Amino acid sequence: MQIKNLKLRNFRNYSRLDVDFSETFNIIYGNNAQGKTNIIEAIFLCASGRSHRTSRDDEMVKYDSGGFEVNLQLRKRDFDDEIGVLFNTVKNGSEKRKKISINEIPLKRIGDLMGHLNAVIFSPEDLLIVKQGPSERRRFIDITLSQLRPAYFYDLQKYSRILFQRNTLLKRICIQKNLVDTLEVWNKHLVKTGSRIVKARMNFIDRLNVLAGARHEKLTNNEEKLELLYDPSFKITAECSEDEIEDVFYRALIRGKENELRKGTTVIGPHRDDMQVVLNGESTKIYGSQGQQRTAVLSMKLAEIDLMQEESGEFPVLLLDDVLSELDDRRKEFLLDSIGGLQTFITSTDRGFFNRGNDEAAFFYIKNGTMQRN
Ligand SMILES: Nc1ncnc2c1ncn2[C@@H]1O[C@H](COP(=O)(O)OP(=O)(O)O)[C@@H](O)[C@H]1O
Ligand SMILES: [Mg+2]
């Protein structure tokens, strides 16, 4: 799929923008703090319904304006789509809400946006996927899986509501002991929805592992073996059915009951999952050099592209925010070679890094919230 056109109104430092993109490379360049990442953010918003760098929609509203609008025209294999995101900071106490529409028809739920625009984003912060704690890895898994499967996105939302209720109850039981009998109904809810999430993650990581491993072999000339291994909060095997997962999850909850009552919070479940990133049999997080970690993430991102292509039959668009300058020449060339056929958006402070002489590449110069094609 390709983005044909993007329109912004009062989005970050853009008052208005109306731009047509190239179907291949789009090079977005300019000094720091001029608005390059803001373009990437607007595109990603249309893919996932949220910003990749903030969970607060009002941060994206241009200062001193009443709301933003993003509009994106998409060309797909069989048809064209138009995605609209509207956010108003309404005064008089009425609620602030994001309104998303496809072809001018408002969506009832944000999840219905998933899969319309598939985008893979790669930015310097993605290094955190290997460097930081489990929550960064869960975020990576959740964002990708949600784009692939709206049902997964709804399960996540549901699970987080159940978890909140159950945690509230656990805290109240500390004061009001007789409430302990009501825990069972929340156990059932948690296990039911949680097991669907676990099963989906298990399948996803399994496939990602194969694809990322293959990508990594090529990237490192067969010198390194990359493995991605699911590390759930309770012991299951790859052969487990959803029923069996439910069973194991439930028994782990019962076993951990005293511990949970003491802590006043749920300690078992997919909200505590992790994924191990292993290079040649050792933890990348602990033993990997900066260069190895960067290559591992690159392999994971390329695998994400492969997976989206396999699932939907179409290539996603690729958003490379400030990452090319961080890669050495060999990896840079490898990356650019391996993304042939994808529409790609590349931001950089320096126009000169792109020396492919590709006629179809379009260059956009960004300065203080304005864009000039040249
Ligand atoms: N809500 C907002 N309203 C107006 N300007 C904003 C808003 N949020 C960020 N900015 C401005 O956007 C610029 C940063 O844009 P960004 O795309 O991150 O820069 P870069 O070109 O370095 O990627 C800064 O000048 C910042 O002040
Ligand atoms: Mg930036």
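Guide: In this predicted model, leucine 279 has its place in strand S10, which covers residues 274–279.

Visitor: Is leucine 279 buried or exposed?

Guide: One counts the C-beta atoms around a residue, and 20 or more within 10 Å make it buried. Leucine 279 has 22 other C-beta atoms within 10 Å, and is therefore buried.

Visitor: Which residues is leucine 279 in contact with, leaving aside its neighbours within four places in sequence?

Guide: Contacts of that kind show what the fold brings together, and for leucine 279 they are Glu224, Leu226, Thr284, Gly288, Gln292 and Ala296. As for a residue elsewhere in the chain, phenylalanine 122 is 157 residues apart from leucine 279 in sequence, and their C-alpha atoms are separated by 20 Å.

Visitor: How should I read a sheet, and in what order do the strands of the six-stranded one come?

Guide: A sheet is read from strand to strand across it, and here the order is S8-S12-S13-S3-S14-S15, in an open sheet with mixed pairing. Strand S8 (119–122) and strand S15 (370–373) each have a single partner strand and stand at the edges, so one side of each is left without a neighbour in the sheet. From one strand to the next, the twist averages 20°.

Visitor: In what sense do strand S3 and strand S14 pair?

Guide: Strand S3 (residues 25–29) and strand S14 (residues 362–367) are parallel, with four bridges between them, and in S14 phenylalanine 364 is the bridge partner of isoleucine 28.

Visitor: Which helix lies across S8 and strand S12?

Guide: That is helix H9 (residues 290–312), which runs at about 180° to S8.

Visitor: Which stretches of the chain belong to each domain?

Guide: A domain may be made of separate stretches, and the domain assignment gives 1–118 + 314–374 for domain 1 and 126–312 for domain 2. Taken over C-alpha atoms, the centres of the two domains are 28 Å apart, while 18 residues of domain 1 are in contact with 15 residues of domain 2. On the side of domain 1 that touches domain 2, helix H1 (36–48) and helix H10 (329–338) are the elements that give two or more residues, and H10 gives the most, with four residues. The residues of that side divide into nine nonpolar, five polar and four charged.

Visitor: How many residues surround ligand 1?

Guide: There are 14 residues around ligand 1, the closest being Asn13, Ala33, Lys36, Thr37 and Asn38.

Methods. Residues numbered from 1 in each chain as written. Chains lettered and ligands numbered in written order. Predicted model: local features only at pLDDT ≥ 70, side-chain atom pairs only at ≥ 80, totals over all residues. Pairing = 2+ DSSP bridges. Axes fitted to C-alpha atoms, helices over the stretch in contact; angles between N-to-C directions. Contact = placed C-beta atoms within 7 Å. Buried ≥ 20, exposed ≤ 12 C-beta atoms within 10 Å, placed from the backbone. Near = placed C-beta within 6 Å. Domains from an automatic or database assignment. Nonpolar A, V, L, I, M, F, W, Y, C, P; charged D, E, K, R; others polar.
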